[in-house]
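Me: Can you walk me through this structure? I'd like to start with the ligand and then look at a few residues.

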Amino acid sequence: MTQRLALDGGSPAIPYLLPSVKDISGRDIGEEELALVTEVVRSGNLGYIYGTKVKQLQKEWAQLYGIDNAVAVSSGTAALHTALVFLDLGPGDEVLVPAITDMGTVIAVLLQNAVPVFVDVDRITQLMDPNKIAEKITPNTKAIIPVHLYGMPCDMDPILEIARKHNLYVVEDCAQAQLTKYKGRYVGSIGDVGCFSFQQSKQMTTGDGGMVIARQDELCGRKLVQCADKGWPRELYRDHLFLAPNYHMTELQAAVGIGQLHKLESMIERRRQSAAALTDSIRLLEGVYPPGDNDYGRCTYYEYALPIEPDRFSVSSEIIAQALTAEGVKTAPGYLPQPIYMYDMVWKQITYGKKKCPYNCAHYPQPVQYTPDMCPVAVEACQSMLFIPWNEKITVDMARDIGGAIRKVLTHYKK
Ligand SMILES: *Cc1c(COP(=O)(O)O)cnc(C)c1O
């Protein structure tokens, strides 16, 4: 006999509100950030050019990542776009991106008038499958963007090997992977360029914001800093060397960022401890694959992404997510309900004007036709995950309660 689910009128497993990244309940933001922001406001200068905070954040981020070049920008999408400006991508170029990611990854490619080509993912981890990359490479392919989802690293060694063989750039999308490690190294410092987001839901936040890091200061004749600064070599004179956006982060965001960065390791440690407690409390359940460290990866738990085996349960992941939500754990049935290429922007090729560039342009004569099942594993994977919001204010005790709710629901729906 299983317990009556809250969805069926039983009492919820968690009768209190769990902390959420949508407000202070789930975010470690306070006096440190306030003091730094106050300093900026009192200084009267809010912009990066004459300020010190953006420069300090860039310097500290670069030091942390053991890399010389870090440029703070206005979002993760801006970071990715800056990276592709840096690599001088353009019409006719193809960029490999995974079928499961945030649209920001795809937008960056399209903004450079390059064509996104979707690579299928691993059924369990949902990360880009290195075995599916080679078949998507053409003479037009210029770069690969592995996306480290949910705080887990992609398997970088085979990806780097393919990239080397075909002379491709590697841009790491680390928007969900601050301080994630692959074989002892921070992701973002492994490929040619690493991109981060500080959007409200990420491990550390500046509300919106991002960072680009690169091992080389200059690539394709472009300095990284100019790629987010109108192509302007400010230290020299007023000139604009190539087409580039203005994606500056403000001093206000950087002030918050510095406060956040100083506690990032401790915030991630708390995420890891509570996630470990949750994993421990559901380890005996069948049909689930709790996330965590593996042979090569250190997980920093952007969210607690729990892959499930839908065949083991009598209802869909959507119903399971509803039941968990009723128990007090706001759960989504997967990160995305469908692969990213199924959304109108990509699917219907809604880009610049009515001409469908870059899919259909003089530099890319073969028309692009995406099909729903071009990445079949991704389609299935999207239906096979419980996506549980995570943050640094979830305690070990709360994590055990969440585990109890998951056990209650999954035991109930067990086939
Ligand atoms: C959040 C995110 C982005 C985009 O970052 P924004 O700051 O929202 O623009 C890109 N890629 C992934 C994987 C993300 O999670």
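Me: What kind of model is it, and what do the numbers rest on?
Reply: This is a predicted model: local features need pLDDT of at least 70, side-chain atom pairs count only at pLDDT 80 or more, and totals for chains, interfaces and linings use all residues. Residues are numbered from 1 along each chain as its sequence is written, and side-chain values use heavy atoms, with hydrogens and water left out.

Me: OK, the ligand. How many residues surround it, and which are the closest?
Reply: The ligand is surrounded by 15 residues. The closest are Gly 76, Thr 77, Asp 173, Ser 197 and Lys 202. A residue is near a molecule if one of its heavy atoms lies within 4 Å of it.

Me: Which side chain has an N or O atom 2.7 Å from an oxygen atom of the ligand?
Reply: That is Ser 197. For Gln 176, a side-chain N or O atom is 2.8 Å from a ligand oxygen. For Lys 202, the distance is 2.9 Å.

Me: How much of the ligand's accessible area does the protein cover?
Reply: The protein covers 91% of the 380 Å² that the ligand has on its own. Accessible areas come from the Shrake-Rupley method with a 1.4 Å probe; for residues, only the protein chains shown count as cover.

Me: Which helix gives the most to the shell around the ligand?
Reply: Helix H3, residues 76–86, with 3 residues. Helices (H or I, at least four residues) and strands (E, at least two) are DSSP runs, numbered from the N terminus.

Me: Is H3 mostly covered or mostly open?
Reply: H3 is mostly covered, with 10 of its 11 residues buried. Among them are Gly 76, Leu 80, His 81 and Phe 86. Buried means under 20% relative accessible area, exposed over 50%, and partly exposed in between (1.4 Å probe, protein chains only).

Me: What caps the N-terminal end of H3?
Reply: Ser 75 does. One of its side-chain oxygens lies 3.3 Å from the backbone nitrogen of Thr 77. After H3 comes Asp 88, which has a positive phi near 55°.

Me: Where does Asn 167 lie?
Reply: Asn 167 is in the loop between helix H5 (156–166) and strand E5 (169–173). Its phi is positive, about 60°, although Asn 167 is not a glycine.

Me: Is Asn 167 buried or exposed?
Reply: Asn 167 counts as exposed, because its relative accessibility is 69%.

Me: What about Leu 179, buried or exposed?
Reply: Leu 179 counts as buried, because its relative accessibility is 1%. Leu 179 has a positive phi of about 65° and is not a glycine. Its place is the loop between E5 and strand E6 (181–182).

Me: Which peptide bond is cis?
Reply: The one from Cys 357 to Pro 358, with omega near 10°. Pro 358 is in the loop between helix H9 (344–347) and helix H10 (376–382).

Me: New topic: Asp 28. Where is it found?
Reply: Asp 28 is in the segment before helix H1 (31–43). Asp 28 is buried, at 18% relative accessible area.

Me: Which side chain joins that of Asp 28 in a polar contact?
Reply: The side chain of Arg 270, at 2.8 Å. A polar contact is a pair of N or O atoms within 3.5 Å; within protein, one must be able to donate a hydrogen and the other to accept it, and residues adjacent in sequence count only if both atoms are side-chain atoms.

Me: What does Arg 272 touch?
Reply: Leaving out residues up to four places away in sequence, Arg 272 touches Asp 293, Arg 298, Cys 299 and Tyr 301. Contact means heavy atoms within 4.5 Å. Arg 272 lies in helix H7, residues 264–281.
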